[in-house]
Amino acid sequence: PPSRRDGETPPPPPRRCHNHPSGAPQAPGRHPTPPRPHAAPRTTKPPSPPQAIPWRAVSTLIWIAVALVLVAVYLSWTAGRLDRLHSRLDAARAALDAQLLRRASVAQELATAKVLDPASSIVLYQAAHAARQAEEENREVAESELSQALRAVFEESAQVEAVQQAPGGESTLGELAEAVRRVPMARRFHNDAVRAARALRRHRKVRWFRLAGHAPFPMAFEMDDEPPPALVERAA
């Protein structure tokens, strides 16, 4: 210890912190820090066992899945049926166009064969040319006018006999009679396919689920296709 002079008062002993376990002296001017409470040990809960799904919920999910599968199968079948009807409609329209084009071509050839009188030749040629050059929106009117021109030219059997006696008129008249006879048949097949496709496309399931896609709505081909009686007898 340092030496003390005579008459000096000894310094007071340092204050010890009673709260500190080691009893270390506390710096002057600081308050004693209270001891931290000891944290309680954490207890981990054991994992709970997985709860079993009720059988009623499982059966409900199974029935919902089965119903969705059945609906998907039915919609797929309906779409396939509609696609087949559209294919049938396209084939029927192609056959009708071929028969109409054949009729107009033979009529135009007959009008230029100089086997008819000049007035009948002009009327038949103009009607056949208009039918071949008509746009889609005017096709029905042009084909109807050709039918009317054919009935006007071959209204009587004498005209048919005069054409038959001309050179090359027999074969041309037979081809025209065959084309005139097949046009109503082709149009009837086409309109039957149109009615079947339209009946299916009017169903709610087809409209709601858009099963037809972007295919246009089928339209019937309406025209005057009544053939001349004299040519019908000739074809028979």
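Student: Which residues in H4 meet Gly169, Glu170 and Leu173 in H5?

Tutor: On the H4 side they are Val160, Val163 and Gln164. Please keep in mind, here and below, that this is a predicted model.

Student: How do the axes of those two helices cross?

Tutor: Helix H4 covers residues 157-165 and helix H5 covers residues 169-201, and their axes come within 6 Å of each other while crossing at roughly 130 degrees.

Student: And what does that make H4 relative to H5?

Tutor: H4 is oblique to H5, because an angle over 145 degrees would be needed for roughly antiparallel and one of 65 to 115 for roughly perpendicular.

Student: Stepping back, how many helices and strands are there in the protein?

Tutor: The protein has seven helices and zero strands, so that reading along the sequence gives the pattern α-α-α-α-α-α-α.

Student: What share of the residues is buried?

Tutor: Of the 236 residues in the protein, 31% are buried. As for the surface, the protein exposes about 17200 Å², and carbon and sulfur atoms supply 57% of that area.

Student: Which residues form a nonpolar patch on the surface?

Tutor: The patch is formed by Trp55, Ile62, Trp63, Val66 and Leu70, which together have about 620 Å² of accessible area. One of them, Trp63, is found in helix H1, which spans residues 55-111.

Student: Is Trp63 buried or exposed?

Tutor: Trp63 is exposed, because its relative accessible area is 62% and the cut-off for exposed is over 50%.

Student: New topic, backbone angles: what is the phi of Lys114?

Tutor: Lys114 has a positive phi of about 60 degrees, although this residue is not a glycine. Lys114 is found in the loop between H1 and helix H2, the latter being residues 118-133, and with a relative accessibility of 76% Lys114 counts as exposed.

Student: Where is Arg210 found, and what is its phi near?

Tutor: Arg210 is found in the loop between helix H6 (204-208) and helix H7 (229-235), and its phi is near 50 degrees, a positive value in a residue other than glycine. Arg210 is exposed as well, with a relative accessible area of 69%.

Student: Last one, on contacts with a separation of 6 or more: what percentage comes from residues 24 or more positions apart?

Tutor: Within that set of contacts in the protein, residues 24 or more positions apart account for 71%.

Notes
Residues are numbered from 1 along each chain as its sequence is written. This is a predicted model: local features need pLDDT of at least 70, side-chain atom pairs count only at pLDDT 80 or more; totals for chains, interfaces and linings use all residues. Side-chain values use heavy atoms; hydrogens and water are left out. Helices (H or I, at least four residues) and strands (E, at least two) are DSSP runs, numbered from the N terminus. Buried means under 20% relative accessible area, exposed over 50%, partly exposed in between (1.4 Å probe, protein chains only). Contact means heavy atoms within 4.5 Å. Accessible areas come from the Shrake-Rupley method with a 1.4 Å probe; for residues, only the protein chains shown count as cover. Patches are made of residues with over 30% relative accessible area and no salt bridge: like charges are joined within 9 Å, nonpolar side chains (Val, Leu, Ile, Met, Phe, Trp, Tyr) within 5 Å. A salt bridge is a side-chain nitrogen of Lys or Arg within 4 Å of a carboxyl oxygen of Asp or Glu. Axes are lines fitted to C-alpha atoms, for helices over the stretch in contact, and angles run from 0 to 180 degrees between N-to-C directions. Angles under 35 degrees count as roughly parallel, over 145 as roughly antiparallel, 65 to 115 as roughly perpendicular and the rest as oblique.
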